[in-house]
Amino acid sequence: MSTAARVLELLAGRGETLAVAESLTGGLVAAELTSVPGASQAFRGSVTAYATALKHEILGVDADLLADRGAVDADVARRMAVGVRRVLGADWGVATTGVAGPEPQDGQPVGTVYVAVAGPGGVENLSLLRLNGDRADIRKESVRSVLELLSGELREYAGAQDTEQNGGN
């Protein structure tokens, strides 16, 4: 089973939903998710905020943060995930931002990627990736990485929920 299928199965089984905010991946995360039959049970939609201004205008990323640090930043990724979750009314949000190449961006070298997850109860996680390869390789690995990060958070969150429901034992 693919990671996308596993994520969607976990979400649907719990009656939860997912929204995606993408920059460097340009819709590839959404495409990977929607390639799974029945994705509509859990996948709400996506925002491809390729232009930096859209990260602020649609996803609510702080304009000063974007001006100071640029779009390739840990806090930007985190806020994109939180923002898409809010804007699309989902339980979970994920985000990708980074430099696929061929040129550096915002002072960051090619292959610098941040992937983020935001979920219920303030759940947030972020990974900094330093990827090698060409543009296609970097984008493909970014998709795989954000779905793996989400999968891990879903499993961890489910375990925490089980513990709470069983009196902390």
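Tutor: Helices (H or I, at least four residues) and strands (E, at least two) are DSSP runs, numbered from the N terminus. This is a predicted model, in which local features need pLDDT of at least 70, side-chain atom pairs count only at pLDDT 80 or more, and totals for chains, interfaces and linings use all residues. Residues are numbered from 1 along each chain as its sequence is written, and side-chain values use heavy atoms, with hydrogens and water left out.

Student: In which helix is Leu150 found?

Tutor: The chain has six helices and five strands. Their order along the sequence is α-β-α-β-α-α-α-β-β-β-α. Leu150 belongs to the element spanning residues 135–165, which is helix 6.

Student: Is Leu150 buried or exposed?

Tutor: Buried means under 20% relative accessible area, exposed over 50%, and partly exposed in between (1.4 Å probe, protein chains only). Leu150 has a relative accessible area of 0%, so Leu150 is buried.

Student: Which residues is Leu150 in contact with, leaving aside its neighbours within four places in sequence?

Tutor: Contact means heavy atoms within 4.5 Å. With those neighbours left aside, the residues that Leu150 touches are Val7, Leu18, Trp92, Val94 and Val117.

Student: How far apart in space are Leu150 and Pro102?

Tutor: In sequence, Leu150 and Pro102 are separated by 48 residues. Taken C-alpha to C-alpha, their separation in space is 28 Å.

Student: What percentage of the residues of the chain count as buried?

Tutor: The chain has 169 residues, and the share of them that counts as buried is 47%.
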